[in-house]
Amino acid sequence: MTASTGQPHARKPEPLEFDKPRVSIATPEYRYDMQGEMPEAERVERAMKSFVKDFGRTAAIYMESCIHCGMCAEACHFYEVTKDPKYTPIWKLEPFKQAYKREYGPFAVIYRALNLKQKVTVEQLQEWQQLIYDSCTVCGRCSLMCPMGIDIASLVSQARHGMYAAGLIPHELWAVTERARLEGSPLGATPKVFKDRLEWLADDHEVEIPLDEPDADVLCAMSSIEIMKYPDSVVATARIMNHLGVRWTFRLDGYEATNFGLLSGNAAAQKLLTMKIIDAAVACGARTVILPECGHAYTALRWMGANMYGQPLPFRVMHIAEFLAEQVREGKLRLKRVAKSATFHDPCQVVRRGGAIEAPREVLKALGVELREMYPTKGTNWCCGGGGGVVANHRADELRYKTFKLKMEQIEETGAELPVTTCANCRQTFDDGQAHFKWDHKMHSLLELVADNLIEDES
Amino acid sequence: MDLLEFARGPALQWSISIFIAGVLWRLLGVFLLRSKKDLSEPRNPAAWKGLRLIALRSWPRREFLEGTAFGEVMGYAFHVGFLVSLFFFAPHVLFFADVARGLIGTDLRGLVGFGWPTLPNGIITLLSAISVAALLAVLVHRLVNPVKRLISNFDDYFSWFVTFAPLVTGMAAFAHLAGWPYERLLAYHLLSVELLLVWFPFGKLMHAFTIFAARGATGMLFERKGASL
């Protein structure tokens, strides 16, 4: 297949450039990626087996319920900005719907016997790689739109398991997941790098950063984006915890909350990465694990962690914004007033799908900003376009920039001085979009805003 | 045995049997699948409250209305017209009573002491006509709208046909369409209904049942997390 025919190239893994601001590939041409050597039939077999492996009642109900009304398209930012029907969310699952009917559904025998549904081919999966990874941030806006109530986003995540097993995922996602699995961090924030950074940050900012405390009430984790790109968030976390007098720690055996296993569809890596934090928390007897400003890290531990662990977690899991809101509610966190107008970008995994809808707003209220909500906002806010691993996938850049215009319009319409969010991945997407469009709006971190406005001396 | 006798006799019995067996098979095939327990600590322990999504999702959020207004309006127009005609047209009520007596030996009046209300023929005719018009509109929309055209398959068009046919044959029989014997029109109407019953378990018409399960499941999952419904 060639680019001239409009069909994607197959591309084998090649070295990534990890020193760039974002993980980079030299020639992000129109292509699909493949990992591993195996016959095509085996790729399909693996994809389907993995797809149905965790197929439970709820997913089957969803598969039985679609009426092809097409309304989900109206909720998807990729369709909204392109009007290309292939970005219709439910269409992104077409090969998997086909496979479900043929291989797994209640009438699978009939479908197979009469060949009413064709067997899924590797060419189909290759073509769908772009739809499942490049043009879906798993933001779940479509799940709020579907009149049947199908949680389409959850099915996309399940489809990603199949694509990973088939060795058919974007190379960047594959590579960073491998790096996280082997080194402990997708972006090179290895335990040694993290330790060095903490020492440097502690010295530079004159802040105490406890590390590897054997006993602690609170275990904090950071995302690799923060460690490598936004180290001020690490400092902000330390300042706030110290300010509150919390008995807390970072631990080298469980500090990295980023979970590319979840984003890529590598369930084994997802579990491995999740278990590091769980084991670290258990080891130091933490009663609370505080997750950083990272949307999918919240999903991975808060909502999927116990299921990976196989039993309820012996500690609370909180997003940092939830923790801050709790401290505000309990009167422990007093903040200087920020005499500015602000607007809040809702990270999909924290707000729409995570349920921490009001917590960041409570913190903004405590900061005294004039909050100007975007339209739409909260559960129906538009995604930044970079979630679900999309911002790590250069092949998707052009499309992602189109969706970013939605955010630019939304924020400009509020006229707010401070765009604020509570997800480093969203923040990175905003920074990249800002640079691309030479936009004059800078996204701010809620965590850093709080740290900058602590009332240090209450007496 | 003439066509009407066939339609009233073996065709009706077989189609009802296939409908019941097929629906049960498909529902049990899904509901008997395992469901893993979610071990995460719920934000809202009363997840059952999420069942309100079954009602909530019957109307789109304000933010989504602009893009879905056509589908919503046509959906309601068709469903209301179809269901009211089906359940409140006097001859249908008599027919259901007949079928009930055949199956369980009594009708609703015999069971609970009162009958099933009916609506005047004029209202039924109007609603049926609205339903037919809505079905034609959604078919055209499916053919010309790029999204719907892309995602449509045989099921969409055949399900449309087996839904459209009973409405049209029913209206034709009611109107005693010129030149056609009533018995033949009635037989066509019955056969079209039986075709719908036979197809029902295999295609997307099953959403009449699964919609409650899908909305309910999502509602409970999301409510548990405190996520947006």
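Predicted model: local features only at pLDDT ≥ 70, side-chain atom pairs only at ≥ 80, totals over all residues.
Residues count from 1 along each chain as written, with chains lettered from A and ligands numbered from 1 in written order. Local features need pLDDT of at least 70 and side-chain atom pairs pLDDT 80 or more, while totals for chains, interfaces and linings use all residues.

**Exercise 1.** Work out how α10(A) and α12(A) pack, starting from their axes.

*Solution.* 
- Start with the axes, which are lines fitted to C-alpha atoms over the stretch in contact, with angles from 0 to 180 degrees between N-to-C directions. Those of α10 (residues 191–205) and α12 (residues 231–244) of chain A come within 10 Å and cross at roughly 70°.
- Now classify: 65 to 115 degrees counts as roughly perpendicular, so α10(A) and α12(A) are roughly perpendicular to each other.
- Then list who touches whom, contact being C-beta atoms, placed from the backbone, within 7 Å. R197(A), L201(A) and H205(A) of α10(A) meet P231(A), V234(A) and V235(A) of α12(A).

**Exercise 2.** Check whether the radius of gyration of chain A agrees with that of a compact globule, and see how much of the chain is buried.

*Solution.* 
- Take the rule, 2.2 Å times the number of residues to the power 0.38, with the radius taken over C-alpha atoms.
- Look at the box next: along the principal axes, the C-alpha atoms of chain A fill roughly 80 × 45 × 45 Å.
- Finish with burial (20 or more other C-beta atoms within 10 Å of a residue's own, all placed from the backbone). In chain A, 59% of the 459 residues count as buried.

Key. Helix = DSSP H or I, 4+ residues; strand = E, 2+ residues; numbered from the N terminus. Parallel < 35°, antiparallel > 145°, perpendicular 65-115°, else oblique. Contact = placed C-beta atoms within 7 Å. Buried ≥ 20, exposed ≤ 12 C-beta atoms within 10 Å, placed from the backbone.
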